[in-house]
Amino acid sequence: MESFSVYGRDTGGPFLLVSDHAGQAIPDTLGDLGVSATERARHIGWDIGIDGVGRGLAEALPALLIEQVFSRLVIDCNRAPGHPTSIVRESDGTAVPGNQSLCEKQSGWREQAILHPYHARIRTELDARKARGQATCLIALHSFTPVMRGYARPWHAGILHNRDSRLAHIMLELLRGEGLCVGDNEPYALTDTSDYTVPEHAERRGLPYIEIEIRQDLITAPEGQAEWAARLARLLPAAWQTFGERYGDAA
Ligand SMILES: [Zn+2]
């Protein structure tokens with residue numbers, strides 16, 4: 001089983017979509033990691049709803065979407081290999097028995113089978129786009145749980161950014177213009193340690209990017225997923241156009 005799925009199609013547009021946490025699969029050899037199906041279906045197992053948003057967006061733009069198919073409980077593909085939270089022993093109060101005291105061979109296998117092929121696929125796509133002179137904007141798609149440690153998060157969505165905030169700020173204004181409550185580096189700030197995909201694939205190459213987080217209760221049902229896919233399909237090209245007008249040829 002491949003560790004990634006590809007949706008949509010590249011018709012020459014600027015966007016490449018990636019979803020690090022869209023999947024729920026666990027390799028057969030690992031069983032259920034000792035975590036119940038109910039627990040695995042929570043936000044600790046995957047980014048609830050982002051699969052529907054990403055696939056709808058890929059079709060609407062259109063653009064290519066690369067999705068990780070394995071659960072983040074197996075290995076977190078938005079963490080550098082070897083990071084302390086790459087393979088979690090506990091997440092939001094739930095123990096992960098299958099992740100306790102792994103030896104180097106066991107964690108290395110997960111990196112080789114799941115993390116590296118996914119990122120290699122993204123790298124291949126970015127290299128090909130560069131080789132044909134195609135401008136690229138990386139869109140990292142995530143969703144977040146509405147309540148964390150008793151705190152009800154007010155944001156409908158969050159825009160995360162770090163070294164290059166230009167496109168993020170444009171997208172933030174567009175989303176706020178829709179009357180939405182949008183976090184600026186909330187509920188998380190983008191950093192080199194709490195993230196891997198954007199620093200590795202966008203910032204290191206100097207590519208413009210947006211990391212977007214959508215609150216899970218808004219996209220649990222297919223209607224909400226379709227609504228957000230349509231919204232992003234409308235606003236991302238608008239943000240890209242403003243970016244080009246403000247900062248010149250983006251590539
Ligand atoms: Zn995520």
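Methionine 148 is found in strand β7, residues 147-148, where strands are DSSP runs of E with at least two residues and helices are runs of H or I with at least four, both numbered from the N terminus. At 16% relative accessibility methionine 148 counts as buried, a word that stands for under 20% relative accessible area, with exposed meaning over 50% and partly exposed what lies in between (1.4 Å probe, protein chains only). Not counting residues up to four places away in sequence, methionine 148 touches His43, Asp92 and Arg153, contact being heavy atoms within 4.5 Å.

The model is predicted, so local features need pLDDT of at least 70 and side-chain atom pairs count only at pLDDT 80 or more, while totals for chains, interfaces and linings use all residues. Residues are numbered from 1 along each chain as its sequence is written, and side-chain values use heavy atoms, with hydrogens and water left out.

Aspartate 92, one of the contacts of methionine 148, is placed in the loop between β4 (90-91) and β5 (94-95). With a relative accessible area of 27%, aspartate 92 is partly exposed.

| Residue or bond | Feature | Angle |
|---|---|---|
| Aspartate 92 | positive phi, not glycine | phi near 45 degrees |
| Asparagine 185 | positive phi, not glycine | phi near 55 degrees |
| Leucine 61 and proline 62 | cis peptide bond | omega about -15 degrees |
| Glutamate 186 and proline 187 | cis peptide bond | omega about 0 degrees |

Asparagine 185 lies in the loop between β10 and α5, and proline 187 has its place in the loop between β10 (182-184) and α5 (197-203). Proline 62, in turn, is found in the loop between α2 and β3.

The zinc ion has as its protein donors His21 (ND1), Asp47 (OD) and His142 (ND1), at 2.0 to 2.1 Å; donors are N, O and S atoms within 2.8 Å of the metal (3.2 Å for Na, K and Ca), and water is not among the atoms, so sites may look incomplete. Along the chain these donors follow the spacing H-x25-D-x94-H. Histidine 21, in the loop between β2 (15-19) and α1 (37-40), and aspartate 47, in the loop between α1 and α2 (50-60), are 26 residues apart and link distant parts of the chain. Aspartate 47 is buried, with a relative accessible area of 1%, and beyond residues up to four places away in sequence it touches His21, Arg72, Leu141, His142, Ser143 and Gln216.

Helix α2 also holds aspartate 51, which is buried yet has no salt bridge, the nearest side chain of opposite charge, arginine 55, being 4.4 Å away. A salt bridge here requires a side-chain nitrogen of Lys or Arg within 4 Å of a carboxyl oxygen of Asp or Glu; Lys and Arg count as positive and Asp and Glu as negative, while His and the chain ends are not counted. The buried residues of α2 are Ile50, Asp51, Val53, Gly54, Leu57 and Ala58. Seen down the helix axis, they fall within an arc of 165 degrees, so they line one face of α2, the arc being that of the directions from the axis to the C-beta atoms.
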